[in-house]
Amino acid sequence: MNLVDIYLQLKGDVQYIEKELERAIDTSYDEMYKSSTHLLKAGGKRIRPVFVLLGGKWGNYDLEKLKRVAVPLELIHMATLVHDDVVDDSMTRRGSQTVRAKWDNKVAMYAGDYIFAKALQIASELTNPQIHQILAKAINEMCKGEIEQVRDLFNFDQGLKNYLRRIKRKTALLIAISCQLGAVASDASPDIVRRMFLYGYNVGMAFQITDDILDFTGTEKQLGKPAGSDLRQGNVTLPTLYSISVGKDREQLQAWIRDNTLTDHMDEAINLIRKGEGIAYANQLAERYIARACEQLEPLPAGKTKKSLLEIGHYIIGRKF
């Protein structure tokens, strides 16, 4: 099963959202247009907009209303990626040059700000205050997650609790509110709104854990960036945390960290983590999150929407990129 098959029931609406994304950041300022649309043209899974649309299926499905949620959420995600690449000095994203690599950091920062501002402008067309409250709170938490990641760079003493809180803020919350706000915008029942948030939160946690696994196990062609990029940049993820604390190669990894020679042995360290027990542990945790997500769907009516949500959950932990 791949995303194309899962998205089939929403094909026309997803294509419409794609066009709306392009229209949203259109501008007569040539450099702003080129830098802002660069990441958009590189593609993406568009999971957040799809979750908005599926969340909307539980209520009064109105594409014109839902696009004012789906487009801003994807734009916010894009803006954070553009900013992340500046912070991380990343050269590639989705198999293409990053905005900061193709232009420079200054252009990338303003391009990200512009995309962010356009997201808020579109969302402002919705009159439901609950939507704006949920969105503002999530953006607030996302910023905390980004600061936590910067704070914890090369911090190998951080615990599992810190890691989980960080990925909740950085990734899971935006996916959670994508599911939730689709339901809110379509006037679904409070129970469904709650269940969609919890489904999205658990899927989002599994999504980021799987990303962190793939950073070690994927190829550069699959990932669109060099394998092991997280550790090279100092981002300590779950496979690394497990490997240095209880893994079979922990003594060697701890020695490199203690002697400040990890950078000199980076390729070896990445290979040890790739072959270690941390990958299996992270996979098991991702599967537990997906199981929890699926539990939230159990009481909901059977049909195409429920089937798609279940399939996306299982796709998340089975994907290769």
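The paragraphs below go through the ring contacts, the pockets and the cavities of this structure.

The model is predicted, and local features are taken only where pLDDT is at least 70, side-chain atom pairs count only at pLDDT 80 or more, and totals for chains, interfaces and linings use all residues. Residues are numbered from 1 along each chain as its sequence is written, and side-chain values use heavy atoms, with hydrogens and water left out.

We can begin with the aromatic rings. Rings of Phe, Tyr and Trp (its six-membered ring) form a pair if their centres lie within 6.5 Å, and a pair is called stacked when the planes are under 30 degrees apart, edge-to-face when they are over 60, and tilted for the rest. The structure holds 3 aromatic pairs. One of them joins Phe51 and Tyr199, whose ring centres are 5.8 Å apart and whose planes stand at 85 degrees, so this pair is edge-to-face. Phe51 belongs to helix 4 (residues 47–56) and Tyr199 to helix 10 (residues 190–217), so that the pair links distant parts of the chain, 148 residues apart. Here helices (H or I, at least four residues) and strands (E, at least two) are DSSP runs, numbered from the N terminus. Both Phe51 and Tyr199 are buried, where buried means under 20% relative accessible area, exposed means over 50%, and partly exposed lies in between (1.4 Å probe, protein chains only).

Another pair is formed by Tyr201 and Tyr289, with ring centres 6.5 Å apart and planes at 85 degrees, so it is edge-to-face as well. Because Tyr201 lies in helix 10 and Tyr289 in helix 16 (residues 278–297), this pair ties together parts that are 88 residues apart in sequence. Tyr201 has 21% relative accessibility and therefore counts as partly exposed, whereas Tyr289 is buried, with a relative accessible area of 5%.

Rings can also meet charges, and a charge is said to sit over a ring if NZ of Lys or CZ of Arg is within 6 Å of the ring centre and within 35 degrees of the ring normal. The charged end of Arg48 is placed in this way over the ring of Phe207, 5.9 Å from its centre, and the charged end of Lys102 sits over the ring of Trp103, 5.7 Å from its centre.

Next come the spaces in the model. On a 1 Å grid over the protein atoms alone, a cavity is a set of points where a 1.4 Å probe fits but cannot get out, while a pocket is an open set with protein on both sides within 12 Å along at least five of seven lines, and lining residues have an atom within 4 Å of a point. Grid points are joined across faces, edges and corners, and a volume is the space filled by probe spheres set on the points.

The largest pocket has a volume of about 1200 Å³. It is lined by 50 residues, of which Leu81, Arg93, Asp211, Leu223 and Lys225 are the closest to its centre. Among the elements that give two or more residues to this lining are helix 4, helix 5 (63–87), strand 1 (92–93) and helix 10. By class, the lining of the largest pocket divides into 15 nonpolar, 16 polar and 19 charged residues, where Ala, Val, Leu, Ile, Met, Phe, Trp, Tyr, Cys and Pro count as nonpolar, Asp, Glu, Lys and Arg as charged, and the others, Gly among them, as polar.

The second largest pocket holds about 300 Å³ of space, and of its 15 lining residues the closest to its centre are Thr80, His83, Asp84, Cys143 and Glu146. Helix 5, helix 7 (105–123) and helix 8 each supply at least two residues of this lining, and the largest share, 7 residues, comes from helix 8. The lining of the second largest pocket has 9 nonpolar, 3 polar and 3 charged residues.

Finally, there are 2 cavities of 30 Å³ or more. The largest cavity has a volume of about 50 Å³, and its lining includes His38, Leu81, Asp85 and Arg93. Helix 5 gives the most to this lining, with 3 residues, and by class the lining of the largest cavity has 5 nonpolar, 4 polar and 2 charged residues. The second largest cavity has a volume of about 40 Å³, and helix 13 (238–245), helix 14 (250–258) and helix 15 (266–275) each supply at least two residues of its lining. The lining of the second largest cavity divides into 8 nonpolar, 1 polar and no charged residues.
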